[in-house]
Amino acid sequence: MIKIGIIGGSGLEKLNIFNKINEISVETPYGSPSSTFFCGTMEEKEVYILSRHGRNHSISPTHVNNRANIIALKQLGCQYIIATTACGSLREEIQRGDFVLADQFIDFTRFRKNTFFDSFENGLHHVAMPDPFSEVLRQQILRSASDLNINIHPAGAIITIEGPRFSTRAESKMFRLWGADVVNMSTAPEAMLANEAEIPYAAIAICTDYDSWKHDEEPVTWEDVLKVFNQNVVRLTDLLIKVIKDI
């Protein structure tokens with residue numbers, strides 16, 4: 001049976017797509033994951049849903065235990081991981097409420113545990129990561145979105161900042177010069193660890209704001225992020241269910 005992990009980001013802390021909720025706890029060599037797992041079956045697939053920031057959004061980005069989250073999904077036997085995330089747009093053409101399917105990342109974090117290989121005592125581990133997001137998963141998500149008539153930007157470079165603060169105007173402009181298309185606080189460490197764990201990983205981002213580079217827009221606030229995300233949560237949930245069924 002195919003096993004799929006879902007990591008719910010901001011706005012999807014209590015995501016539940018099952019008629020009957022089963023809840024399990026998992027312990028790992030790296031400690032406890034961010035939350036328990038909602039689990040169930042769908043179209044003969046086992047699905048495990050984790051809340052990145054905890055069910056009550058009590059974990060700040062820096063303190064998310066990404067290693068425990070990813071290795072727990074590995075321990076559960078997940079063959080695919082699909083993550084959701086709120087993001088800020090760094091491009092005019094990416095508007096509020098737009099979905100972006102990341103194909104590259106830039107890691108601008110500073111304090112994250114972003115590798116399983118703290119030691120080379122058992123051999124060198126330099127994982128190649130030129131294309132860090134699974135193309136198989138990305139193409140499936142694009143097909144499923146098309147079937148639902150959901151418009152989605154088919155590619156985009158996502159830069160992950162440390163947070164929890166939002167960007168200064170100078171930083172936001174710099175990210176644009178670097179070639180980033182959207183900005184968030186979560187994806188890069190997850191993608192790195194999923195690649196090290198050899199689990200295909202994809203991230204669906206919902207644009208909620210314009211970060212702080214646009215002078216004709218108000219700088220981002222947390223209230224803005226949640227407002228736009230909540231307006232699109234049904235579409236995102238429908239897309240996740242469709243992708244799970246189609247895999």
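**Entry 1: a cluster of rings**

Which residues do ring pairs link into a cluster? I began here, keeping in mind that this is a predicted model. I found F105, F133 and Y201 joined in this way.

**Entry 2: counting the pairs**

Next I looked up how many aromatic pairs there are, and the count comes to seven. I picked out one of them, Y30 with F116, which is a tilted pair. Their ring centres are 5.3 Å apart, with 50° between the planes.

I then checked where the two partners of this pair sit. The pair links distant parts of the chain, as Y30 and F116 are 86 residues apart. Y30 belongs to the loop between β2 (22-24) and β3 (37-42), and F116 to the loop between β7 (104-108) and α2 (135-147).

**Entry 3: buried or exposed?**

I stayed with these two residues and looked up their accessibility. F116 has 13% relative accessibility, so I noted it as buried. Y30 has 28%, so I noted Y30 as partly exposed.

Now I turned to another aromatic pair, Y210 with W213, which is edge-to-face. Here I noted 6.4 Å centre to centre and 75° between the planes. Both Y210 and W213 are buried.

What sits over the ring of Y210? I found the charged end of K214 there, 5.2 Å from the ring centre.

**Entry 4: an arginine over a ring**

Last, I looked at F99. R235 lies over the face of F99, and I wrote down 4.4 Å from the ring centre.

Terms used:
Residues are numbered from 1 along each chain as its sequence is written. This is a predicted model: local features need pLDDT of at least 70, side-chain atom pairs count only at pLDDT 80 or more; totals for chains, interfaces and linings use all residues. Side-chain values use heavy atoms; hydrogens and water are left out. Rings of Phe, Tyr and Trp (its six-membered ring) pair if their centres lie within 6.5 Å; planes under 30 degrees apart count as stacked, over 60 as edge-to-face and the rest as tilted. Helices (H or I, at least four residues) and strands (E, at least two) are DSSP runs, numbered from the N terminus. Buried means under 20% relative accessible area, exposed over 50%, partly exposed in between (1.4 Å probe, protein chains only). A charge sits over a ring if NZ of Lys or CZ of Arg is within 6 Å of the ring centre and within 35 degrees of the ring normal.
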